[in-house]
Amino acid sequence: MGQTLTASHASVQAFRAEQFRVENGANLGDPMGVLEDLVLDDIYMMALAEAPQRLSIAAHHDGSFSIAENTALGSPGAALHLDCLLTLMPDSGPNTETLVMVEVDGDGMIAGVFLVPLAPLQPQMPYTLVKAEREPARRKLAESACVSFTRGTRITLATGAQRLIEDMRAGDRVLTRDDGIQEVRWVGQSTLRAVGDLAPILIRKGALNNANDLIVSPSHRLMVYQRSDEIGAGAPEILVRARDLVNGDTVVVLDGGFADYFQILFDRHHIIYAEGIAAESTFLDPVTRPVLPEDFWTRPGGPLPASHKSGAHGLDVSRSLLDRPDAVGLLKRASLR
């Protein structure tokens, strides 16, 4: 149960704070800032219809963040601080939550402020700042980064029977692909806006030989064993992210409303069976670790590493190999031949 010593990496879609300014209120004309500078009831607006950009995050095992090399925002290598979680109330529609992240230079001064919206921000829409909190920010980032199954997903148990993910409990024995029967250590649940980058992905029945519809978080990786290398990955065992399979037909985005997401954690990162096909369990790393409850580490069950070992279940397939209309069909055929 060793752990990798390298930083884990995640990418989020973000705006520069300068794109989101106070239109009415105490900080009139100012861009979104850090917690200490914010005033509740200020009304913000994004004047131009600009697309968010990729902010690449390296999460280190001491809990710190920095900006990773392949970023579109910020300076690679610079320290990155997760400042707070904001709740914004638009003129119409449900509230929107947004994380505020701060780039810090070598002298400890603010070099940039970035907004990471957990639902799309609309241009020309007035947003009233109704809440600003520091404490829940880490957990909210962890919830949005965790790979998760949605309510109603059937997980294969050690007996071969299937159980709904929402009925799973610690101690349940689950069939894993590579390590036989393993006990569940923890099952978590979170409810997130099912919009934008957090909208779940529906893999329709049979698309990848799944017995029923399978709905997962967008970054959830599915494992495909290729009997023939149909997509040119160069490896028989591959991991593909659900969002990279979207084709508007057999794999679609379920955008709108809210999603009940469930996380299932083992002592190690495993490949389990959901609706009859291989999918990963929760991967514990410095980004996702805060999703666990505070008392988790004092519960019985033996030691659990601070992070799971990566790279043990197959080759991560790049989006470029799947950027073709027949990718899902090719993967299905590759697993059968």
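# Strands, loops and packing in a predicted model

Strand β18, residues 221-225, is mostly covered in this predicted model, since four of its five residues are buried.

User: How many Å apart in space are Ala235 and Phe258, C-alpha to C-alpha?
Analyst: In sequence, Ala235 and Phe258 are 23 residues apart. In space, taken from C-alpha to C-alpha, the distance between Ala235 and Phe258 is 37 Å.

User: Why can the protein chain be called as compact as a globular protein of its length?
Analyst: The protein chain holds three helices and 24 strands. For 337 residues the globule rule gives 20 Å, and the radius of gyration of the protein chain is close to that value, so the chain is as compact as a globular protein of that length, with a radius of gyration of 21 Å.

User: What percentage of the contacts in the protein chain with a separation of 6 or more comes from residues 24 or more positions apart?
Analyst: Of the 337 residues of the protein chain, 47% count as buried, and the C-alpha trace spans about 65 × 45 × 35 Å along its principal axes. Among contacts with a separation of 6 or more, the share that residues 24 or more positions apart account for is 63%.

User: Which strands do the buried residues of helix α1 pack against?
Analyst: Helix α1 covers residues 137-145, and its buried residues include Ala137, Lys140, Leu141, Ala142 and Glu143. The strands against which the buried residues of α1 pack are β5 (65-67), β6 (79-90), β7 (96-104) and β15 (186-193).

User: Is β8 largely enclosed by the rest of the structure or open, and how many of its residues are buried?
Analyst: Strand β8 is joined to β7 by seven bridges in an antiparallel arrangement, and it is also joined to β1, antiparallel again, by two bridges. It is largely enclosed by the rest of the structure, because the number of its eight residues that are buried is six.

User: Which residue of β8 stands opposite both Arg16 and Met101?
Analyst: In the pairing of β1 with β8, Phe15 stands opposite Leu115, while Arg16 has Phe114 opposite it. In the pairing of β7 with β8, the β8 residue that stands opposite Met101 is Phe114.

User: Which residue of β4 stands opposite Gln13?
Analyst: Strand β1, residues 8-16, pairs in the antiparallel sense with β4, residues 53-59, over seven bridges. In β4, the residue opposite Gln13 is Arg54.

User: What is the phi of Asp41, and what is that of Gln124?
Analyst: Most residues other than glycine have a negative phi. Asp41 lies in the loop between β2 and β3 and is exposed at 55% relative accessibility, whereas Gln124 lies in the loop between β8 and β9 and is exposed with a relative accessible area of 51%. Each has a positive phi, which for Asp41 is near 80 degrees and for Gln124 is near 65 degrees.

User: Which residues does His269 touch, not counting those up to four places away in sequence?
Analyst: His269 is placed in the loop between β21 (258-265) and β22 (271-274), and at 5% relative accessibility it counts as buried. Beyond residues up to four places away in sequence, His269 touches Arg221, Glu280, Ser281, Thr282, Phe283, His308 and His313.

Conventions:
Residues are numbered from 1 along each chain as its sequence is written. This is a predicted model: local features need pLDDT of at least 70, side-chain atom pairs count only at pLDDT 80 or more; totals for chains, interfaces and linings use all residues. Side-chain values use heavy atoms; hydrogens and water are left out. Buried means under 20% relative accessible area, exposed over 50%, partly exposed in between (1.4 Å probe, protein chains only). The radius of gyration is taken over C-alpha atoms; the globule rule is 2.2 Å times the number of residues to the power 0.38. Contact means heavy atoms within 4.5 Å. Two strands pair if DSSP finds at least two bridges between them.
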